[in-house]
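User: I'd like to learn how to read a fold like this one, feature by feature. Could you walk me through it?

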Amino acid sequence: MQFGRSYEEFEVGAVYKHWPGKTVTEYDDHLFCLLTMNHHPLHLDANYAEETTDFGRNVVVGNYVYSILLGMSVPDVSGKAIANLEIESLRHVAPTFHGDTIYGETTVLDKRESQSKDDRGVVHVETKGYKQDGTLVCIFRRKVMVPKQSYLDARGGEQPGRPVLREK
């Protein structure tokens, strides 16, 4: 199973469809809100959401949707990354509700070799997240510093740091 890519493996225009999707539960949303101290009643209080919002129900906190998509993209995009350099833009386009399933895909927009070190490069990608009905809910662009194959070879190849099994 591939986990991330080296610089040479990225092609401008490539699209990676992340799998599987993630169904968002009320528990997931509430736990994320509580862990991040986002206590807005739109996300936590069903009565408030029903009585006072246009949605009539709780909306999943946007940063959780973004985090799901970022995590989904790791095996395809940043699993070998040296650094996430920049989140260039982040837009929440439509609401996500408890019970919705999020899917994602990432397009490679550009890539360039590092100006300071010859064993790495920077990949510019755009990730889109959408619900089970195809509705776009979130879109963001980021730049990721990824190693060239020479960097990986110098540090142990595909699974650097993996110990060797010693049998008794």
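Analyst: Helices (H or I, at least four residues) and strands (E, at least two) are DSSP runs numbered from the N terminus. A word on the source: this is a predicted model, where local features need pLDDT of at least 70, side-chain atom pairs count only at pLDDT 80 or more, and totals for chains, interfaces and linings use all residues. Residues are numbered from 1 along each chain as its sequence is written, and side-chain values use heavy atoms, with hydrogens and water left out.

User: How do I read the pairing of β4 and β5?

Analyst: Strands of a sheet pair through backbone hydrogen bonds, either parallel or antiparallel. Two strands count as paired if DSSP finds at least two bridges between them. Here β4 (residues 120-131) and β5 are antiparallel, with eleven bridges, and V123 stands opposite V144 in β5.

User: Which strand does β5 join through eight bridges?

Analyst: That's β2 (residues 83-92), also running antiparallel to β5. Within that pairing, E86 has K143 as its bridge partner, while S89 stands opposite R141. Strand β5 (residues 136-147) is mostly covered, with nine of its twelve residues buried; buried means under 20% relative accessible area, exposed over 50%, and partly exposed in between (1.4 Å probe, protein chains only).

User: What is the strand order of the whole sheet?

Analyst: Read across, the order is β1-β3-β4-β5-β2, an open sheet of five strands with antiparallel pairing. β1 and β2 stand at the edges with a single partner strand each, so one side of each has no neighbour in the sheet. On average, neighbouring strands are turned by 20 degrees against each other, direction ignored. Helix α4 packs on this sheet, touching β1, β2, β3 (101-113), β4 and β5, and its direction makes about 40 degrees with that of β5. Contact means heavy atoms within 4.5 Å; axes are lines fitted to C-alpha atoms, for helices over the stretch in contact, and angles run from 0 to 180 degrees between N-to-C directions.

User: Which residues of α1 are buried, and what do they pack against?

Analyst: An α-helix has 3.6 residues a turn, so residues three or four places apart point the same way. In α1 the buried ones are D28, D29, H30, F32 and C33. They pack against β1, α2 and α4 (62-78).

User: How do I read a buried charge such as R5?

Analyst: Check for a salt bridge (a side-chain nitrogen of Lys or Arg within 4 Å of a carboxyl oxygen of Asp or Glu). R5, in the segment before β1, is buried but has none. The nearest side chain of opposite charge is D76, 4.0 Å away; Lys and Arg count as positive, Asp and Glu as negative, with His and the chain ends not counted. The R5 side chain does reach the backbone oxygen of D76 at 2.6 Å, and a polar contact of 3.4 Å joins the side chains of R5 and Y16. A polar contact is a pair of N or O atoms within 3.5 Å; within protein, one must be able to donate a hydrogen and the other to accept it, and residues adjacent in sequence count only if both atoms are side-chain atoms.
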